[in-house]
Structures are given as structure tokens and as C-alpha cells.
Amino acid sequence: MLKKFDINEEGYSVRCWIQAQKDAREYDRVVICTHGFGGSKDAPNISKFAEKETAKYKKDAVICFDWPCHGQDARKKLELSECLEYLGLVIRYSKEKLKAKTLLNYSVSFGAYLTLEYIAERGNPFAKIALRCPGIKMYDLMRAKVSDDDLVKLSKGKEVMVGFDRKMKVDQKFMDDLKAADVTKREYFDWADDMLIIQGTNDHMVSYDDSKDFAENNVINFVPVEGADHTFRNPKLMDMAIHTILEFFGEDK
């Protein structure tokens with residue numbers, strides 16, 4: 001069963017889908033999936049994960065949603081605070097509407113960064129967190145997407161457009177917020193036993209060494225995948241990553 005729905009609360013409209021074996025009033029566990037920058041909830045790798053997860057754990061549900069300014073979301077300007085609000089609304093929906101006894105999290109790149117920032121700022125609602133190619137140094141990654149000319153515009157208080165297929169507005173405040181919200185300066189020791197980082201060795205977007213150092217500094221289980229790029233385009237390597245995450249989530253059963 002795949003069902004699309006919106007969470008309309010607090011002036012936001014979060015575009016979501018839920019995957020489960022059947023439509024139920026409550027679920028033992030809900031996995032919240034988050035996509036990367038420029039992606040959407042309909043990314044094939046997340047859909048593939050959801051199908052395999054609910055086939056293996058038949059009482060679970062998987063939810064994915066569009067970050068602000070991504071996919072089918074209506075917003076035009078990207079703000080860090082609104083990204084955190086979206087994740088918070090999905091967490092609350094999973095607890096209150098789906099009656100989830102346990103929450104899990106599988107996040108990729110930008111979504112992984114936002115998950116790390118969320119739990120550092122607001123506490124950790126997740127029993128297990130699996131991060132693939134996390135954008136540990138998100139400010140640096142975003143800075144690389146902004147041209148020198150656009151940096152000058154930002155410094156003058158103007159907005160610039162960033163993105164891939166879909167463009168979105170960012171301003172200097174967004175860049176400053178990213179710089180201030182530096183997850184490499186946070187400590188995640190309290191949750192490290194229940195966290196997993198999967199990183200491709202051929203990732204040319206997110207530094208392999210950055211992910212490895214972050215995992216080691218926080219004593220988080222780190223799984224390198226030889227030959228994998230940022231998006232894990234090789235289907236066999238993607239299957240390997242999904243299998244690793246499902247086994248990790250199975251430890252919670």
C-alpha cells in the first residue's frame with residue numbers, strides 16, 4: 001500500500017507518502033526517510049528502501065516527505081528553521097496519528113545533516129538512525145553551489161537561486177544559519193550505539209574522510225562501501241546499503 005497525503009499544520013503543508021503492507025490505525029514502528037538536497041520524496045532509492053523494509057518488517061510503515069522548496073512543496077525560499085519544522089511535524093504525525101511505538105530514521109546527504117541538527121537541537125525521538133553519505137559540512141557543500149558573483153549578491157542582502165532541476169531562493173541568513181549549525185562541533189555520544197553511517201569511497205560530493213572522522217569522533221558505527229559514489233548509482237551497491245540498514249533496524253526488534 002502506497003498512499004500520498006499532506007500534513008497541514010502550523011501554516012505548513014508537508015507533502016508526504018506512506019508505504020506499508022496494509023492500511024492500519026497504528027504501526028509498531030515507523031521509519032521516517034529524508035532525501036538529499038535537490039531531491040524529493042519520490043527518489044527511486046528511497047522507494048526501493050521502503051518496499052524492502054515493509055516486506056521484511058510487515059508491521060512497519062515508512063514515511064517520506066519533501067523538504068521545503070523540494071519536490072512538490074509549495075515554498076520558494078529555503079530556510080533552515082522551516083526544514084527542522086517539517087521534520088518535527090512528520091515526527092509528531094507518526095506518533096499521534098500513526099500511533100508509532102517506535103520511530104526509526106533513514107536519511108541521505110542534506111537530509112542526514114538536518115536529522116543530526118534536529119536531534120542536537122530538539123532531542124532524539126529515534127530508536128535507530130541510519131545515515132548515508134551525510135552532509136556533515138553542509139555549509140561548505142552549499143557554499144560550493146554558490147558562484148562568486150552570487151556571493152556578492154548575498155552580501156548585499158539579495159537572494160540568489162540554487163538547485164538542480166528545481167531552483168530555490170536562498171539568502172545570506174540561510175548561509176549564516178548553516179555555518180552556525182555546524183554538526184561537527186556537536187557531540188552525539190549519547191546516541192552513538194544506535195547510529196550507523198554508510199559512506200561510499202568514491203563520493204566526490206561528501207568527503208569520505210569527513211564522514212569517517214565524524215563517525216570516529218562520536219564512536220558511531222561506520223560502514224565504508226568500496227566504489228560507491230554519492231548517489232550509490234550502482235544497483236548492487238545500493239542493495240548492499242539497504243540490506244545493511246535493514247539488518248541494523250532489525251536489531252531493534
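Is Asp165 buried or exposed? In this predicted model, Asp165 counts as exposed, because its relative accessibility is 83% and the cut-off for exposed is over 50%. The residue sits in a loop, with strand E7 (160-163) on one side and strand E8 (167-170) on the other. Its C-alpha atom is 9.7 Å from that of Gly71. Along the chain, Asp165 and Gly71 are 94 residues apart.

Now step back to the whole chain. The protein chain holds eight helices and ten strands. Its radius of gyration is 17 Å, close to the 18 Å that the globule rule gives for 253 residues, so the chain is as compact as a globular protein of that length. The C-alpha trace spans about 55 × 40 × 35 Å along its principal axes. Of the 253 residues, 51% count as buried. Contacts tell of the fold as well. Among those with a separation of 6 or more, 72% join residues 24 or more positions apart.

Next, the surface and the charges. The accessible surface of the protein chain comes to about 11,600 Å². Carbon and sulfur atoms account for 46% of that area. The chain carries 40 positive and 43 negative charges.

H7 covers residues 208-218. Ser211, Phe214, Ala215 and Asn218 are buried in this helix. They lie on the same side of H7, because they cover an arc of only 95° around the axis. What do the buried residues of H7 pack against? Their partners are helix H3 (110-122), strand E9 (195-200) and strand E10 (221-225).

Ser94 is found in H2. Its relative accessibility is 0%, so Ser94 counts as buried. Leaving out residues up to four places away in sequence, Ser94 touches Val30, Ile32, Ile63, Lys99, Ala100 and Leu103.

Loops can be buried too. His70 lies in the loop between strand E4 (60-65) and helix H2 (80-96). With a relative accessibility of 1%, His70 counts as buried, since the cut-off is under 20%. Which residues is His70 in contact with, apart from its neighbours within four places in sequence? They include His35, Gly36, Phe37, Gly38 and Gly39. Leu78, Phe110, Arg166 and Met168 complete the list.

Two further loop residues deserve a look at their backbone. Glu10 has phi near 55°, a positive value in a residue other than glycine. Glu10 lies in the loop between strand E1 (2-9) and strand E2 (12-20). Its relative accessible area is 49%, so Glu10 is partly exposed. Cys133 is not a glycine, yet its phi is positive at about 50°. Cys133 is placed in the loop between strand E6 (128-132) and helix H4 (138-143). Is Cys133 buried or exposed? Cys133 is buried, because its relative accessible area is 0%.

Technical notes: Residues are numbered from 1 along each chain as its sequence is written. This is a predicted model: local features need pLDDT of at least 70, side-chain atom pairs count only at pLDDT 80 or more; totals for chains, interfaces and linings use all residues. Side-chain values use heavy atoms; hydrogens and water are left out. Helices (H or I, at least four residues) and strands (E, at least two) are DSSP runs, numbered from the N terminus. The radius of gyration is taken over C-alpha atoms; the globule rule is 2.2 Å times the number of residues to the power 0.38. Buried means under 20% relative accessible area, exposed over 50%, partly exposed in between (1.4 Å probe, protein chains only). Contact means heavy atoms within 4.5 Å. Accessible areas come from the Shrake-Rupley method with a 1.4 Å probe; for residues, only the protein chains shown count as cover. Lys and Arg count as positive and Asp and Glu as negative; His and the chain ends are not counted. The place of a charge is taken as NZ of Lys, CZ of Arg, CG of Asp or CD of Glu. The arc is that of the directions from the helix axis to the C-beta atoms.
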